[in-house]
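Please read the points below beside the model. They cover charged side chains, strand pairing and confidence.

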Amino acid sequence: MKLRTQRLLALAVAAAFAGTAQAEIAIDVINGSEVSLEGLMQADGNWFHNDVLDLNAASPAGNDGKDTEFEMRRAEVILKGKGGRFDWTVGYDGKANKYLDANIKWKLGTNYLMVGQYKQPNSLEELTSTRHNDFISKAMVTNLFGVARRTGIAYGDDTPNFGYQISYFGRELTRNLAQGQGFGGRVYFAPMAETGNILHFGISALDYDTDADTARLRVRPDADFSTGRLIDTGNILNADRQRTYGVEGLWVGGPIKVQGEYMRSTVSRTEATSAPDWTGDSWYVYGVWNLTGETWGYKAGLPTTNLPDDPATGMWQLGLRYDSTELNDSPVLGGKEHNLTLGVNWYWRSNFKFMLNYVKVDSSKYVSSLRSELDDNPNILEARAQFYW
């Protein structure tokens, strides 16, 4: 299976290079459905300047406390069919060895009914395509409280200025990954939804069962290759359900975009314990400036990234993000963390993107053996080379 996947990825990359630069490769029209192939390859490098915890224990740090990790981050191939009353998608990530979106959507005007695996209706950053995320690692709130792809059934509506989706979901399609049945919903409203002039607001809610009556909330310090977590609740036992509420906002004015999200999550306990419920929260706000003057579009409640005005010189972006997480809710003391990320992005032609991020971390967590809080403030440098079609 692994060898077959590698061959498929190699053929897909060769096909993409063989043709002109484009967003997708048209294959055929079958029963009125336009079948196309898309792909995404990302290779990342992380350089860790550790403070207390070794953030990359798999590659032991030297005497200077520095760590380096290079690895393929994603190797995705997606087959799509569009046209008529039904759209369908089947995607697979050969690096993670798991299914991506795998669903069929029945279009009923602006309304739709969707069955299969899809991203759940929460988190503006999670729902935005990974190829166009503005920073290498998603913000802590997205990785901590966001629910990504699960199998289920959803109904929704997408108009130019308003939309919603309600969903019932279960486990992830790939065996032994995320589990827990639940419900979710998201509503968005965009009083301004023109290219270069966007104002968007959204709210979301999720309520789902925990796995084996246990919940654990922990998050990497805005670095996907970090094996260590600076804040961690540990196992919260006798956990019945987890409920998360979120708010989101987006503003685009010409070459500038400002985006932010806040989520608050509660783990409720079963009747078998007298322990109190646990609640934590997380948020981020960031700004991106297109130095070369391009702007963003808007579709179905999400920002869309335009191609460079001049493919030869590309599109340059400068971004700054601040995100914060609080996991302390006595008697569970998971810690708190605040990160500042500076990023530079270069979109070159239609198929390439290069990213460089610097992350400054400020965290603290109560350590029982010390009977006090321990500060841990590492610095991280990240780079990404991306090819997509």
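1. Lys 353 lies in strand β22 (residues 352-367); strands are DSSP runs of E of at least two residues, and helices are runs of H or I of at least four, both numbered from the N terminus. This is a predicted model, in which local features need pLDDT of at least 70 and side-chain atom pairs count only at pLDDT 80 or more, while totals for chains, interfaces and linings use all residues. Residues are numbered from 1 along each chain as its sequence is written, and side-chain values use heavy atoms, with hydrogens and water left out.

2. A salt bridge needs a side-chain nitrogen of Lys or Arg within 4 Å of a carboxyl oxygen of Asp or Glu.

3. A polar atom of the Lys 353 side chain lies 2.8 Å from the backbone oxygen of Asn 133. Not counting residues up to four places away in sequence, Lys 353 touches several residues, among them Arg 131, Asn 133, Trp 346 and Arg 384 (contact means heavy atoms within 4.5 Å).

4. Arg 384 is buried, at 4% relative accessibility. Arg 384 forms a salt bridge with Asp 224, with 3.9 Å between the closest N and O atoms. Asp 224 lies in the loop between β12 and β13 and Arg 384 in strand β24 (residues 379-388), so the pair ties together parts 160 residues apart in sequence. A network of salt bridges links Asp 44, Arg 73, Asp 224 and Arg 384.

5. Asp 222 and Arg 321 also meet through their side chains in a salt bridge (3.5 Å, N to O). The pair links distant parts of the chain, 99 residues apart: Asp 222 is in the loop between β12 (218-219) and β13 (231-232), and Arg 321 is in strand β20 (residues 315-329). Both Asp 222 and Arg 321 are buried. The search of the whole structure finds 18 salt bridges.

6. Asp 207, in strand β10 (residues 197-209), counts as buried at 18% relative accessibility. Its side chain makes a polar contact of 2.9 Å with that of Arg 243. A polar contact is a pair of N or O atoms within 3.5 Å; within protein, one must be able to donate a hydrogen and the other to accept it, and residues adjacent in sequence count only if both atoms are side-chain atoms.

7. Strands β4 (residues 86-93) and β5 (residues 98-108) run antiparallel and are joined by seven bridges; strands pair if DSSP finds at least two bridges between them. Tyr 92 has Tyr 99 in β5 as its bridge partner. In the turn of this hairpin, Asn 97 has a positive phi of about 60 degrees. Seven bridges also join β5 to the antiparallel strand β6 (residues 111-119).

8. The mean pLDDT of the chain is 91, and 92% of its residues reach 70 or more; pLDDT is the predictor's confidence in each residue, from 0 to 100. Over residues 1-21, pLDDT stays under 50. Where pLDDT is low, the predicted coordinates should not be read in detail.

Note on methods. Buried means under 20% relative accessible area, exposed over 50%, partly exposed in between (1.4 Å probe, protein chains only).
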